[in-house]
Each structure stands twice: as structure tokens, then as C-alpha cells.
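Please keep the sequence and the coordinates at hand while reading.

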Amino acid sequence: MDKLRITGGRTLHGEVEISGAKNAALPELCATLLTDEPVTLTNVPRLRDIATMRSLLDHMGVRTATHGERGGMDFHAGGPITPEAPYELVKTMRASVLVLGPLLARFGHARVSLPGGCAIGARPVDQHIKGLQAMGADIVVEHGYMVARLPSGRSRLKGARIATDMVTVTGTENFLMAAALADGETVLENAAQEPEIPDLAEMLIAMGAKIEGHGTSRIHVQGVERLHGCRHQVVADRIEAGTFLCAVAATGGEVVLRHGRADHLEAVIDKLREAGAVIEAGEGFIRVRSEGRLKAQSFRTTEYPGFPTDMQAQFMALNCIAQGTSTVTETIFENRFMHVSELMRLGARIQIDGKVAVVEGVERLSGATVMATDLRASASLVIAGLVADGETIVDRIYHLDRGYDQMETKLRAIGADIERIR
């Protein structure tokens, strides 16, 4: 099992190229199921979750291939398709639920295993099921699978008004894809507004879908009978960009993030500026500069455009060595403080009371062996290792490989002392 060895204490300087967003690419790979024509995606990140989704599409019968363009992948679901996602292929990835809507919309039936993934809390699929049932699908859960089909005599899902009990990103994505081929208009209320949603919508529009309001909490979709192929570039990964911003802010130095989108990270950037980091942004870049010890910042995670839960652990690592005491309130996932005990192994001072972590900043951390518990926790331990005295070993980094494209290579290129131990 791979590990990372980090020797802390180095400032970071140079440029980092931000990859395409995992959370945009995964639903967009699933969207290729909606047409029998070829689809080309570019800027697809090289990640374990992407490889898993590609394996799933291959299993179903989609022809997939990579090409020389940056992050280029071709998809063609024009042959016989097996509308089933088996447990063996999806047990490590919650995003596998995203094939349910496209399969049901185009083929009229699907059998999809209940998904797995990071152990950061319950992410129930009941909202997906309720929404697709509102569109006329018959869905039962049996033997660990969601089995969905259209009623006898129907060839298409029907448009509906879907108001979810909570904001759900993957639910919104599933409904968008299903509604694109439904009969009539679908209105999504309480829709997620994360940048990955409008990016998926723009891909669907390029395929011939009729969508309005994407990027707001109310989305209108007028279903069409058929979608065609397209070419689409995956949006830059705001969480990868935010992770590098926190790393530079913690270690000190100056780094330019190429392809970074500051407009997708406003809540994080505001907190970093309040902490004392200097951040400039323009078309296709973000520059971050940090000198000296920063000021601790309290924050509360919430749905976009608020502070993202996927940046909570990384910013907490920054707070661990900042001046002052901060509170971190996690409102999205109930188990997302599992990195705290590992940060404390490095010398962090953190107390947890329910959904709130109180972080007392210390002048320095001390290297130790730590274990990653989930994807973003992995990133927080890397940041902590970059500022800790001595050597830090981060174990179980397969979590990191699910969401970061060659993180150690990018960090090493800007001056970090980091290497992968195979």
C-alpha cells in the first residue's frame, strides 16, 4: 500500500496546473450514456474514481478510449448496453449512483448497486429514488440493488416537479440527466448550485438538451426525444485549487495556480485573505502569497456558495499552526472530523464537541506517522506534514488518489520535500 514521506519546513514557489474537477467529470462520464453518438471530453483528471467509472462504463458496453489531448477521453454508447452497475465495480465509489438516471431515461430500466465510498457519514439515495419515482419510474431496493424500470406501456420518463428534502448535488445531477430525455417539462426545486452543476448542464445543452436556470436553486428542463454527441471541456477543480491555496498559505511562499477559478472559491479565498494571505486572481489563474504566521479563522460549512465541506479539513490544518483559537462547524456530514485525531498526533490542539471543533493554534507541528481516513482528510494531513518539523509518513493514500491528480508530483515541482513510497 502506497504512502507519502514528507519532510516539512520548506516554502513553496512556482506554478501548479489545476486539473479538471472530479466532481464534474464523474457525472459527465455518466452523461455519455444518454446518446448513441460519440462524445469527447477533455481536461478529465487522472484519478482512481475516474478509472473506476470508466471500468463501469466499459462493463456496460460503452466504448472508451483516451487520446493525446490534455485529459482527452472518447466515449461511444452506440452498441448494445447492459444497464447494470454491479457491486464489485461500484463498492468504492458513491458517484456510481449517477448512472441510474441516464440508464433509466434512455433504456427504460436499470439495476444499480447501492454505492460505497468514503466513510464520512450517511449520503442516502432516497432522494434520488423519490425524484425518479416522481418522473414515473417504478423503483425497488432488493438484495443491495436499486432496480428501476418504466411502467408497462411507457417508453419515456415524464416531466415532473421535484422538490428534494435537502440540497443534494448528485441528486440534482441525476435528475438533470434523466429530465433531458423525459416527456415534458421538469422543474427542480431546491437544486444544488455548485459549479459542477452548470458545467454538466452546459454539456447536456451541447448535446441538444433544453435547460434553463442551472446555477440557481430552480432549474427548468424541457425534455427532448433524442440527444446527440458533443465535445466538452471539464471545468477546473475548485477543491484541488483550494487545497493548494491552503498549502501555500500554511507553508509560506508564492505560487500561481494555472486554470484556477477564483469565482468558484469565493468563501475560501475570503477566509484566506482574512487570515493574512495575499491572493490575486485573473482570467485562468490565481496567485497566492503568504509570509509569516497567519491568523486563525472560524468558519461553518454549508452548501455552495458557502464554505465547502470538501475544504473543511484542509483549512483546519492551516488553523492548527495559525495565531489564535478558531471554531470549525461541520453541518454537512456527521463523521467528517476523523482527521482530527491524526492531526493531534502531529501536535495539533483540537477539541471536538458534536459538530464543532475548537482549534488552538500552535507555533509548530512535529512529524509523525499518520493514517488517512478519507479523501479530504488525506489532503489535510499532507498540508500538516508540509509545515511539521521533521518527517511525516501519510499512510493509506489510496484515498488521496481518488481525488487528486499526481498531488505529490505537483507539490515537489514547487519545492516540497515529498515522495511516494510504493
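## The largest cavity and its surroundings

Helix 6 (169-180) and strand 11 (185-189) each supply at least two residues of the lining of the largest cavity, helices (H or I, at least four residues) and strands (E, at least two) being DSSP runs that are numbered from the N terminus. This is a predicted model, in which local features need pLDDT of at least 70 and side-chain atom pairs count only at pLDDT 80 or more, while totals for chains, interfaces and linings use all residues. Residues are numbered from 1 along each chain as its sequence is written, and side-chain values use heavy atoms, with hydrogens and water left out.

A search of the whole structure finds one cavity of 30 Å³ or more, and about 40 Å³ of space lies in the largest cavity. On a 1 Å grid over the protein atoms alone, a cavity is a set of points where a 1.4 Å probe fits but cannot get out, whereas a pocket is an open set with protein on both sides within 12 Å along at least five of seven lines, and lining residues have an atom within 4 Å of a point. Grid points are joined across faces, edges and corners, and a volume is the space filled by probe spheres set on the points.

The lining of the largest cavity consists of Ile162, Thr164, Thr168, Thr172, Phe175, Leu188, Glu189, Asn190 and Ala191. By class these residues divide into four nonpolar, four polar and one charged, where Ala, Val, Leu, Ile, Met, Phe, Trp, Tyr, Cys and Pro count as nonpolar, Asp, Glu, Lys and Arg as charged, and the others, Gly among them, as polar.

## The second largest pocket

The second largest pocket has a volume of about 230 Å³. Its lining is made up of Thr42, Asn43, Glu69, Arg70, Gln233, Val234, Val235, Ala236, His259, Arg261, Glu283 and Gly284, which by class are three nonpolar, five polar and four charged residues.

Four strands form an open sheet in the order 4-5-3-14, with mixed pairing. Strand 4 (63-67) and strand 14 (231-233) stand at the edges, and because each has a single partner strand, one side of each is left without a neighbour in the sheet. From one strand to the next, the twist averages 20°, an angle between N-to-C directions on a scale from 0 to 180 degrees, with axes fitted as lines to C-alpha atoms. Strand 4 and strand 5 (residues 72-76) run antiparallel and are joined by five bridges, two strands being paired if DSSP finds at least two bridges between them. Within this pairing, Thr66 stands opposite Met73 of strand 5.

Elsewhere, five bridges join strand 1 (residues 3-7) to strand 24, and these strands also run antiparallel; the bridge partner of Lys3 in strand 24 is Ile421. Strand 24 (residues 417-421) has a covered face, formed by Ile418 and Arg420, and an uncovered one, formed by Asp417, Glu419 and Ile421.

Helix 10 (residues 312-320) is mostly covered, with nine of its nine residues buried, buried meaning under 20% relative accessible area, exposed over 50% and partly exposed in between (1.4 Å probe, protein chains only). Ile321 lies in the loop between helix 10 and strand 19 (325-329), and its C-alpha atom is separated by 18 Å from that of Gly242, 79 residues apart along the chain. Pro305 lies in the loop between strand 18 (299-300) and helix 10, and the peptide bond from Tyr304 to Pro305 is cis, with omega near 15°.

## Backbone geometry and accessibility in loops

Most residues other than glycine have a negative phi, and most peptide bonds are trans. Asn190, from the cavity lining, has a positive phi near 55°, and His259, from the pocket lining, has a positive phi of about 75°.

| Residue | Relative accessible area | Class |
|---|---|---|
| Val125 | 14% | buried |
| Ile321 | 11% | buried |
| Asn190 | 31% | partly exposed |
| His259 | 37% | partly exposed |

Asn190 is found between strand 11 and helix 7 (196-206), His259 between strand 15 (253-258) and helix 9 (266-275), and Val125 between strand 7 (109-113) and helix 5 (126-134).
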